[in-house]
Each structure stands twice: as C-alpha cells, then as structure tokens.
Amino acid sequence: MSDKPEKHGRLSVFKTYKLYVGGKFPRSESGRVYEVTASSAADAAGKGDWLANAPLASRKDARDAVVAARKAFGGWSGATAYNRGQVLYRVAEMLEGRREQYVREVAQAEGLSRARAADQVDAAIDRWVWYAGWTDKIAQVVGGGNPVAGPFFNLSSPEPTGVVAVLAPQESSFLGLVSVLAPVIATGNTAVVIASERSPLPALSLGEVLATSDVPGGVVNILSGRTAEIAAPLAAHRDVNAIDLAGADEALAKELEIAAADNLKRVLRPQPVDDWTAMPGIERMTAFLETKTVWHPTGALGASGSSY
Amino acid sequence: MPTTAPHALSDVTASDATLRRFLHGLPGVDTVGLEARAASLGTRSIKTTAKAYAIDLAISMVDLTTLEGADTPGKVRALGAKAVRPDPSDRTAPSTAAVCVYPDMVAAAKEAVAGSGVKVASVATAFPAGRAPLAVKLADVREAVAAGADEIDMVIDRGAFLAGNYRKVYDEITAVKEACGTSARLKVIFETGELSTYDNIRRASWLGMLAGADFIKTSTGKVAVNATPANTLLMLEAVRDFRAQTGVQIGVKPAGGIRTSKDALKFLVLVNETAGEDWLDNHWFRFGASSLLNDLLMQRQKLATGRYSGPDYVTVD
Amino acid sequence: MAPVFEYAPAPESRAVVDIAPSYGLFIDGEFTEAADGKVFKTLSPATEEVLSEVAEATEADVDRAVAAARRAFEKWSALPGSERAKYLFRIARIIQERSRELAVLETLDNGKPIRETRDADLPLVAAHFFYYAGWADKLDHAGFGRRTTEGHSGANPRPLGVAGQVIPWNFPLLMLAWKIAPALATGNTVVLKPAETTPLSALFFADICRQAGLPKGVVNILTGDGRAGAALVAHPDVDKVAFTGSTAVGKQIARTVAGTDKKLTLELGGKGANIVFDDAPVDQAVEGIVTGIFFNQGQVCCAGSRLLVQESIHDELLDSLKRRLATLRLGDPLDKNTDIGAINSAEQLARITALAEQGEAEGAVRWSPACELPSDGYWFAPTLFTGVTQAHTIARDEIFGPVLSVLTFRTPDEAVAKANNTPYGLSAGIWTEKGSRILAVANKLRAGVIWSNTFNKFDPTSPFGGYKESGFGREGGRHGLEAYLDV
C-alpha cells in the first residue's frame, strides 16, 4: 500500500489483492498481475503512486467464475426472498463496520477528498439496504394475477435470469459497482463481475465483505484485469444468461452485444449515469428478470353444467 | 352373496376398503378439460346422408319415457303406440328402443307394444330417491320383472355412495341384478347431478360395471342437472376402458334434458369418437327422453321434404 | 350392426371472402406498388392454388414506409390516450364483424383448419385489440415510470417512436394483433412485415384500418420476403424492433441492432416439454397432448413437442394416445370437421419430413394413424416417435410440425432435468392431480409459459414469451406494454 511507514518505524503489512471466485480468494490462474496506481484530479492519466498489484484475470478465470456462479444459482435463486434480503442487509452491516477502509480505498482509487469518498461509501452502504428491502417486494410489484377469459387462472411471477456478467462502471469504482451488482443478486441471479479496470481495489475488497456476510460462495464472483479481455469470453459464454455492459465503451459494448446474441443473452446497454448517488429505479432489477406465467384450470366445483 | 363380477377385477370388490382403494385409484378427472373436450366434439358438423342416418339411429335409441304420478294405462297405451310407430305419416320411421314406465304400468306397456320388438323398461328400487329398505326395492324389481319388464332401470343409493359405503351400493346392485334374473337387462342410474363431481361419476361408473350393470345411466330426469355432454362423455370413457380391461361391453344411457335433435346428434358424436362405433346401436346406447322424439321426427320430415315441420305434424301423446 | 357413422363434408363457404387478384403495399394509408414493381404469388397450401399476387417490398419501400410512420408519429403520439383507445376499439369491433371472412381468408392462405381460425385465432385477435385499447388512456397506472435525471419520476411513460415488426406465418393475424395492438395503444406507429407465405390477412387488416379511420401512416404493411424484413429491422429510423420467428433469425436481428438505441423484443422457437405424471387425469392429458402438438399442425413455437411420460404409465398412455390420434380428421381446412390442416409451405414440409426421417435413422420408432393425405398441397400425417432420448435430434431440434417425441422419466427430478435440458425455454405442461407437485415442478421449470393440466391456452391479459434462446420480452398483459414504452 502507499501508506508510508509509521513514525515509530513499524513497517505496515500490505494486502495481497486477490480475485473472489466461488467463495474463495484465488490468484489469477495466469499468475499475472498489473499495477494499480492512485488517481487524482491532477493526474487523470493514471500516473499516480503505486497502490497494489491486482490480479490480471484470464479467460480461464472468467470460465471458472461462470462455473462457480452457475453452481450457486440453484441455491441462491431458490432461497426465500426474505432470506436474500437478510443476506443483503448483512452486507450493509459488514460494510458499515469497515467503512473507514473503503473511504480510504475509494479516495485513493478515484482521487476524491476524504469527505467525498465518504459520501460515496455511505451511499453504497445505503444502496445495499435499499435493495435488501426489495427482495421480497419486487415480485409483488412486477408480478400478478391475470384475469383470463375462461375457466382458468394464471399468475405471472418474476424469476431471475441466471448467471449475469456485469461490467462494473469504470469511473465509480465502488458506489457504481454496488449499484450494478446489488440489483442483480437481490432477485436471485448470480454474478460474475469485472471490476473497474483502473480502480479495481474497492471491488476486490468487497469480496472480503461478501465472504463474511452469509452471501453463499459463487453468488458473486469478482474479477480484475483488462475489461475487454475478460468480457469477450463472458459475452460469448453459452452458460451466461445476461450481461450488463455498464463498464463498456461504445465500441466494446457493440462488440459484446453482437457476441451476446449467440445464445440470446439479455443485454443491458450502457447508459449515461451522471450521479450514482441518485435514487435508482427498478430497471436494473427488471433487466435480469424473466416473467413466468403458470396457468391452472379452475372451472366449477362440480359436474354442474353443460356447455350446450 | 356371490360376486357377479365376471372378470379379473372381481377381487377389488371384497370390501369397502378394497373398493375404495380401487375406485380412488382411478385416474382423476379435470373438470375444465373434460367439459372442453365435450364442447369441442359438439362443434362437429353433420350433414346430409350422415344426418339422416343419425336421426334414424337416434330415434331407434330412444327409451320413450313417462314417469309421472298422473300416469294411467291410457297414457301408457298412447306412449306405446307412439314408440312402435313414431310417425304415422311415414312408416319408414323406425320404432324407438323401448318405453320406460313405473313398475305398475309395465303390464299396460307390455300390451301396448306387444309383437313390435319395442322393449318395456321399468324404473324400480324406489325410483327416483331410492330411499327404501332393500327388501322393498327388490320386491319392486321382482314385480316389474314378473309383469314382463325387459329392462330394469334401478337407482343407486346415492347417500351410501356419498358416505363412502361403496360395498353397500355394490351389494344392492348385485342383489337387483339377481332379481332381474336372466330375462331383464339392468340399467344402473347414478343420479350424476347428486354425485356432483366428475371423479364421483367415474367411480360410480366403475362400481356399477363391477357389480354387473348392463347399462350405466346418468340420471332420473327428476333433479336439476341430468344428462350433460360432459358426464356422458365421462361414462363413455368408462365403458370403453372397462371393455379394454375386462372384455365386457356395457351400455350407456344419458337421460333427462336432451330435447333437440341437435343435442342428440352431438351425443352420437360423443359415442362415435369416444367409445367407438361398436356402441352405435340401441343395444348399447339409449336416450332417456320424451320430448326429444318429436323433435327428431320433425327433423326427419324436414330432411325428407326440404320444408321445416311444425308441432301439428307430429303426434302429441 | 350399424353402418359406420361418417361425417359428410361440411365446408365453410368461400363466398364470404373476396380476394383481389393483386395487392400493393400499404404505405401512408394507400395501397401502392413496390418501387421496382415486383410481385410474388401467395398460395393456398392445401391445394397449391394461387390466391393472389402481392407486391414485394424493396429497401426503397422500407424507407417510404418508415418515413410515413415517422411523419404520423408526432400527431399519433400526441393524441390523448382516450382517442387512441377509441381507434383500437373500432378496430376490435370491425374485426369481430368481419371475423368469418377473416377466418376463411386465414384458413385459405395458411392452411390451418377453419375450426381453429374460427374458434381460436379470430376471437383472440379481437380480444387482443380490445384489451390493449383499454390501456391506451391508463398508461400512467401501468406501473412504468419514465426515467429522468432525478431518477424515477413516475410521470407518464412515453412511446418509443416507429416500431418495425416482423411476424411469422403460423398465426398471421394473431401475431399481427400481438404486435400492433400494444404498439398503437402506447402511441407508437408501426411498419409491419407479414410472412412471405401468409400476407393476405395483414392486407385485409390494412383495409380495416381504413374503415376505422385510422390516421394515415400509423399502420404500414409491407409484404415481401426476408430481405424486406432485414431492411426494416436495420433501418436507422426505426426505434423499436419486434420479431416473432425462428431463433436463427432472432439471433441475426439481435446482432443487427447491437450498438444501436433500438429496443428489441424477440419471441422465438421452443421445444416444450409436456410432462405427464402417473397420477394425471389421463383422459384430459391425452387431449392436452393432442392439443399441445397437433394444434395448428404443430406449427406453434410453444408446442408441447416433447412428451415426457412417467415410465410406469408409458404403455397405457401411449395406447390411449394412439387410439385418440386415430380419430383425428386430416383434410380440407375449410371443412368444419377437419382437425389437421395443411402444412404451410413446401419448404416447411421438407423440413418436417427431413427431421422425421432423421428420427427414424437415429432409431426412434415412428407411428402414425391410418391417414390418407390429399394429393395436392402440403400434408404431413400426425406422427409420434417412441423410444426417443435426449440424445435424439428430434428431442432437441424444433420441428415445427405435427411430430411428437415421446420420452420417459422415473421421478419428478428427472422430469424437470430433462424438461430444462434444452437451449429453449418457452413453454411446458404439467399433468398431475397433486396440487403441490404442480407448484413445485412449475417453480423449477425454466420456461416462460407453463400450463398445468391444460395446454396451448392464450389470453390477451397473460404475458407470453420465453427464457433462454426462446427470446426475450413479453407479449400480452401489462408486461406487454413495456416493450413499446421508454422505460
């Protein structure tokens, strides 16, 4: 870390940042890392101080993450909505306890003042709370019963799409990340997240919180590295059901959307977000929800009648 | 009492428990699906030669019925004459299958149809409620048979059925069957409107067939819901399946509520497409009806003349 | 012994429909020739008789139609919802009035039985317009807010603009209704391309738009082949693309619109599992299996083309099913007693034939009831294959024809695993009398429409659409509005 040795001469302990896949913290199977440096307004080109070496995830890491996410999908989507809400709320609790760490990491990653970084972290924590409350309400808001013209009854309910690849926003390394990740998993999807390429450290640290927040292993998998390099195999992967292109530029987004057509992934195109602290709508949840309509005959209680 | 079930299924009739196990193990009936199928068959269109054939077939399947407190020998004689020669203006019109009367009218009916081939059917077993001691019911049957009834239309004990006393219902049917002797065919009326559910109708059908019914019949005509396309379809499925399993063919008689030729033809379509053409014969399928006959005759006249007929051109009895 | 009870032919009269010898494109409220004057013939698949000649749209015609729709959009979207509603109600009523004519027309052009066009297609078409007519002035109650920079404002959602819609030949007028009714209700204007083999009912619909007094350019109909469809979805001034058809074409369209702002909904293929448990209401299940795969000659994206039957009742169920299939009546689609009509085209017949042959070649056992096929036209006997496993091509590929693949399972888990073992995810059926099993199995199935103890039921209030490679977006119900709103 960039923290200087303390005044009494004690050497601080650096953290080795690792990927978060299947509930474990592996290094990249490639064995490669890349340098992550501090950002500041004056130094937007990314020539800041060295912060850490982040894993440079490979195609194989992406593949492993998809396997982990698929494995976790049955349990997570099958958990009760109430349970998912409890787990998401637990994430907020754990983050609150490590607030200072995230404020520091976000300030360094995004070149923000401590106060502004704290605003971002607080908003991110509050966002987990907001989505925690949504888990057992979204079905009531977007589902419902349909008045069929005939002796039938049916119910339309939302169901998670499956494994969602998420390209986290490049600029907002933490609040942006939480804002795209929480809605994906709130509804029961599992996620493979590509962290902000130049500021991946808050995302990688989030893995540590998720691992201790009752989020089952594999529900969230976090990769760092070159976004375009990792995203390409994810967009083409046939066991990925959807992709959020928030962190892709226009050219990459088009390329990935074309690749995603191969198995008709649900694609959420990048949309300009001026202010990640603004109240989100439910679109980031509904983008990764399927509607299932189940029909049942009703008819009469008895053999009462004739139709002619 | 020895069981009369003449087939491999006889062991299921040993007790209430074995009967329950068997009857409740029959496939369930989905109300909506059954009624939709019946309605869909009702949209079959029958034209020209097929229609003429179907109308004559329907006439030949009618159990021309009078079951009133006010029945008299005179009324029954008139009914018999009509059954033998339904259309006095056209001798090619076939006779009906039978006349159906109360036991005390059997003798009069027998006389009225003598030598015609038209059968005499008698309701019995304390028709229509069936609420009488077994001895009384059996006496009712024996009287009718002694008076010459060719067919007995008994009612089951719906109370016993609904209470789950399947063995009691079974025993009554076998006792009545025995009372019918070898000369009378037995029609077993379930009063489907009182059994209320299609699952019950399927179970009653199998119970009746196991007990030796020659015909299974929907209704007495005395309650709110009588024969419907759906309950008749269901009973046709039962006789079809029973024959497939045992080799024994059983007849079906929808009764009550079938008033028009159009309705009757729809029932024949149900027979044709469910049980099959083996049942398209008055030995195996009957209509329990009274006003239906005149409508069939008017349709028959229309086909013959090309003009619509009217009630003044058919006989009122 | 009675003579055989036979139904005499009962053909619906063709006289109720008057098909012109030729039709133009319907652009900006007028019928017009294609830019290069080209035409193509449309046939009756039951007889191969030429019904009419229709214009073949080119890219220039797509330009004209999109421009007309764009011009019409401003006024149409600005109309009060209550006024748009009244146009749609008018259309619904006119469809009801002309339903016999349209049913006969559809049967002639498509080859499906009159029993289906009369009892299913047309009533559903009218109902769909009625349903969405009522939404037009209630969109602010539909639960969709408009996205603004302040977040979610809850203000009235806005239409997208010009919708380019491409529909298939299996339910020509019904698919038109599924596309046009919600698009117009939400204030969009449309350019619709019907399928090449079934253009006529859409052209009659154009006439209905005129009778209803719909403003010019709000609905434009372009007849033509896949090239016109491709030009339409690729057109830069189209804001919304809606497609129903094959998964292969759906993927191509998804690639075409990649990187644009076009909103896309796709309703594609399927390989629906119809799961029959040992406690099923057997007679109704047999009907449901028949409806599932032989309705519309099996040319239905949500067909129950895989029968998954519990092994313990396999033989018994197959006996019942075969007995039932023997009563199906194949022949003249205009005969009111016909259950199975013609296959829509020579091309489709060839595909069905090839896949059925492959089923045999891979060792599945083929069976059809005794069934005489007419000498002219495109016909395929109702067919079932037993001894099919998940590894057979006929258990994996969508056949889109009257061909049922029968597989077995031993436990509910196995049934679900096999049902879900497909890239598709459109429909499924569950047959059991046990209520809790219905709910448990329905919960596990990855399909957008699940019918328990029934099959192939449709209703305008009820969302329809697939999971996975069966497409995305929903048509029908409140959900169906979303595809046409900027939300």
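Q: At 1% relative accessibility, does Ser173(A) count as buried or exposed?

A: This is a predicted model, in which local features need pLDDT of at least 70 and side-chain atom pairs count only at pLDDT 80 or more, while totals for chains, interfaces and linings use all residues; pLDDT is the predictor's confidence in each residue, from 0 to 100. Residues are numbered from 1 along each chain as its sequence is written, chains are lettered from A and ligands numbered from 1 in the order in which they are written, and side-chain values use heavy atoms, leaving out hydrogens and water.

Ser173(A) counts as buried because its relative accessibility is 1%, where buried means under 20% relative accessible area, exposed over 50%, and partly exposed in between, with a 1.4 Å probe and protein chains only. In chain A, this residue belongs to the loop that joins β5 (163-167) to α6 (175-186); helices (H or I, at least four residues) and strands (E, at least two) are DSSP runs numbered from the N terminus.

Leaving aside residues up to four places away in sequence, Ser173(A) touches Ala109(A), Glu110(A), Ser196(A), Ser199(A), Pro202(A) and Ala203(A), a contact being heavy atoms within 4.5 Å. With Glu110(A), the side chain of Ser173(A) also makes a polar contact, side chain to side chain, at 2.7 Å. A polar contact is a pair of N or O atoms within 3.5 Å; within protein, one must be able to donate a hydrogen and the other to accept it, and residues adjacent in sequence count only if both atoms are side-chain atoms.

For another part, turn to chain C: just after α11(C), Gly363(C) takes a positive phi of about 100°, and on one side of that helix Glu347(C) and Ala361(C) are exposed.
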